[in-house]
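Visitor: I would like a close look at one part of this model. Please keep it brisk and start with a single side chain.

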Amino acid sequence: MKKVAAEMVLKKADALATHTHPALVAILGGERKAKEALPKMMLAEMDKLEELGFKVKSYTPAEPENIRTAGEWTFALVPTTMVTEGQKGTFTAKSHILACRKARDPKWYLFRLGLPEAQVRQLLPELPADYTWPAKEPPKFEPKL
């Protein structure tokens, strides 16, 4: 997760493509298409911020929480904080990434929790029914004085 975060600030997405959950890779048309699409999607989001006069200053993952094993899968929530800065102030957005991996597989897959819960559960049928995550918080704006 730390490598993904570091690359994101530099507008790179190699680690993101490598660690995106296979369910999302399939939706994007397979590994080759996903490796092409994911960087474009990430850059489009960052370009929108820049068009609005904001630049990503940091994207920081915290320590995983709510770590749980169900069957052959292990799940963890990774809290993230993204700070964007513009002429008039700073936005701080907090969210969570769902990290999951199969038993004995060292590779963690990442799943951004921006979709409605029903869609997340449809894409990840292995996710336990009682596994929960916090609702997305609205970003906080701090004006420059």
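Visitor: Is Trp73 buried or exposed, and what is its relative accessible area?

Guide: Trp73 is buried, at a relative accessible area of 10%. Buried means under 20% relative accessible area, exposed means over 50%, and partly exposed is in between, with a 1.4 Å probe and protein chains only.

First, some ground rules. This is a predicted model, in which local features need pLDDT of at least 70, side-chain atom pairs count only at pLDDT 80 or more, and totals for chains, interfaces and linings use all residues. Residues are numbered from 1 along each chain as its sequence is written, and side-chain values use heavy atoms, with hydrogens and water left out.

Confidence comes next. pLDDT is the predictor's confidence in each residue, from 0 to 100. The protein chain has a mean of 84, and 88% of its residues reach 70 or more. Helix α1 (residues 2-9) has the lowest confidence, at a mean of 61, while strand β6 (residues 140-143) has the highest, at 94. Where pLDDT is low, the predicted coordinates should not be read in detail. Helices (H or I, at least four residues) and strands (E, at least two) are DSSP runs, numbered from the N terminus.

Now back to Trp73. Strand β3 covers residues 73-86. The structure holds four aromatic pairs. In one of these, Trp73 is stacked with Phe75, at 6.4 Å centre to centre and 25° between the planes. Rings of Phe, Tyr and Trp (its six-membered ring) pair if their centres lie within 6.5 Å; planes under 30 degrees apart are stacked, over 60 edge-to-face, and the rest tilted. Phe75 is buried too, at 0% relative accessibility. In a regular strand the side chains alternate between the two faces of the sheet.

What does β3 pair with? Strand β2 (residues 65-70) runs antiparallel to β3, and four bridges join the two. Two strands pair if DSSP finds at least two bridges between them. Glu65 has Leu77 in β3 as its bridge partner. β2 and β3 form a hairpin with two residues between them, and Gly71 in the turn has a positive phi of about 65°. Asn66 lies in β2. Asn66 has a positive phi of about 50°, although it is not a glycine. Most residues other than glycine have a negative phi, and most peptide bonds are trans. Asn66 is partly exposed, at 34%.

A nonpolar core is a set of buried Ala, Val, Leu, Ile, Met, Phe, Trp, Tyr and Cys residues joined through side-chain atoms within 4.5 Å. The largest has 13 residues, and Phe75, Leu98, Leu113, Val120, Leu127, Tyr131 and Trp133 touch the most other members. β3, β4 and β5 each supply at least two residues of this core. The largest share, three residues, comes from β3. A second, separate core of five residues includes Val78, Ile97, Ala99 and Leu110.

Leu113 and His96 touch some of these residues. Contact means heavy atoms within 4.5 Å. Leaving aside neighbours within four places in sequence, Leu113 is in contact with Leu77, His96, Leu98, Val120 and Trp133. His96 lies in strand β4 (residues 89-102). His96 is buried at 15% relative accessibility.

Thr90 is buried, with a relative accessible area of 18%. Residues up to four places away in sequence aside, Thr90 touches Val83, Thr84, Glu85, Lys140, Phe141 and Glu142. Phe141 belongs to an aromatic cluster with Phe54 and Phe91.

β4 pairs with β5 as well. Four bridges join these antiparallel strands. Leu98, a core member, stands opposite Phe111 in β5. The β4 and β5 hairpin has six residues between its strands, and there Arg104 takes a positive phi near 65°. Arg104 is exposed, at 85% relative accessibility.
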